[in-house]
Amino acid sequence: MNRVELIELVQQHHAEMGETEIIKLLNRAMDDFTAETETLKRYKTVATTVAGQRYYPAAGSELEDSEIGGNSDILRIMNVWIDDVLIPRVVSKDSAMFIDDDEHESADNPLASPTSSSNERYWYPIDDSGVRIGLVEKSTSTITRDGKTSNFQSISEAGLQVRVHYISRGTHLASSSTTGITFIPEIQSMYHEALTYKAIAQGYKIGPAKDLQTAQYFDNEYGLRIKKAKKRARSNNVTTGFIVPQSY
């Protein structure tokens, strides 16, 4: 279902709505759908390492959304690769006694860039107006700060590819977009109509077309699609079956 079809379906119920308002409702529906169902997964390179930098992707990267702030494209991280090698997630960053590097804001007391390297690397998530990845490696010498010591340092080698498998939100359709009918939501086509259900329901909750009973109906239809999409996402598109013996 393309951009024009999405807008026309909503306007069948809310003829008084302009395209700009409908697009805003559809974008909010996309955000809600992808967050609730986790159906949209991406596997992509998000950065290359910088010696001494702890957090990726950096502010201002392609994953940053200026409307919301932060790296809001990333909803949840599943796996991380550095230089094509899958690295483990730290189970507990508290027990690891990390001493933080604060280059993600105005650093008041940053750690020195490491001078020795290690291939024993780990990652952990941090919620910083959207999810970022903290990357550390085993240090060959302990780092000390305020009487505390840590055996982990920020990545020491520059230019390594950082690739991530993550749950994502969908790309927004801009009000001034010139994509016309070529814009198609990134979620599976079977769920495109769910976005219109959410937008239609919101339209019936406000304005001259206010009708809470009808809004409830479309909310329920949207909820049914959410349940189906969640089930499909949990299965990772893998289905199993078995033969049931029958007697005749």
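Two rings of Phe, Tyr or Trp (its six-membered ring) form an aromatic pair if their centres lie within 6.5 Å; planes under 30 degrees apart count as stacked, over 60 as edge-to-face and the rest as tilted. With that in hand, welcome to this predicted model, which holds ten aromatic pairs.

**Aromatic pairs**

Two of the pairs are set out here.

| Pair | Centre to centre | Angle between planes | Geometry |
|---|---|---|---|
| Phe 98 and Phe 152 | 5.1 Å | 75° | edge-to-face |
| Tyr 197 and Phe 218 | 6.0 Å | 40° | tilted |

Why is the pair of Phe 98 and Phe 152 edge-to-face? Planes over 60 degrees apart count as edge-to-face, and these two rings have their planes at 75°, so the pair falls under that heading. Phe 98 sits in the loop between S4 and strand S5 (121-127), while Phe 152 belongs to strand S7 (residues 148-154), so their pairing ties together parts that are 54 residues apart in sequence. Both Phe 98 and Phe 152 are buried. They also belong to one aromatic cluster, together with Tyr 55, Tyr 122 and Tyr 124.

**Nonpolar cores**

Which residues have the most contacts inside the largest nonpolar core? They are Val 10, Leu 26, Phe 33 and Leu 195, in a core of 28 residues. At least two residues of this core come from each of helix H1 (3-11), helix H2 (19-37), helix H3 (192-203) and helix H4 (212-235). H2 gives the largest share, with seven residues. Leaving aside residues up to four places away in sequence, Leu 26 touches Leu 6, Val 10, Leu 195, Thr 196 and Ala 199. Another core lies apart from this one; it has 17 residues, including Trp 123, Val 131, Ile 155 and Val 162. As general background, nonpolar side chains tend to be buried together in soluble globular proteins.

**The sheet**

Now for the strands. Four of them make an open sheet in the order S1-S8-S3-S4, with antiparallel pairing. Strand S1 (41-48) and strand S4 (85-87) are the edge strands, each pairing on one side only. From one strand to the next, the twist averages 40°.

How many bridges join S1 to strand S8? There are seven, and S1 and S8 (residues 161-168) run antiparallel. To find this pairing in the structure, look at Arg 42, whose bridge partner in S8 is Tyr 166.

Conventions: Residues numbered from 1 in each chain as written. Predicted model: local features only at pLDDT ≥ 70, side-chain atom pairs only at ≥ 80, totals over all residues. Heavy atoms only, no water. Core = buried A, V, L, I, M, F, W, Y, C linked by side-chain atoms within 4.5 Å. Buried < 20%, exposed > 50% of the residue type's maximum accessible area, 1.4 Å probe, protein only. Helix = DSSP H or I, 4+ residues; strand = E, 2+ residues; numbered from the N terminus. Contact = heavy atoms within 4.5 Å. Pairing = 2+ DSSP bridges. Axes fitted to C-alpha atoms, helices over the stretch in contact; angles between N-to-C directions.
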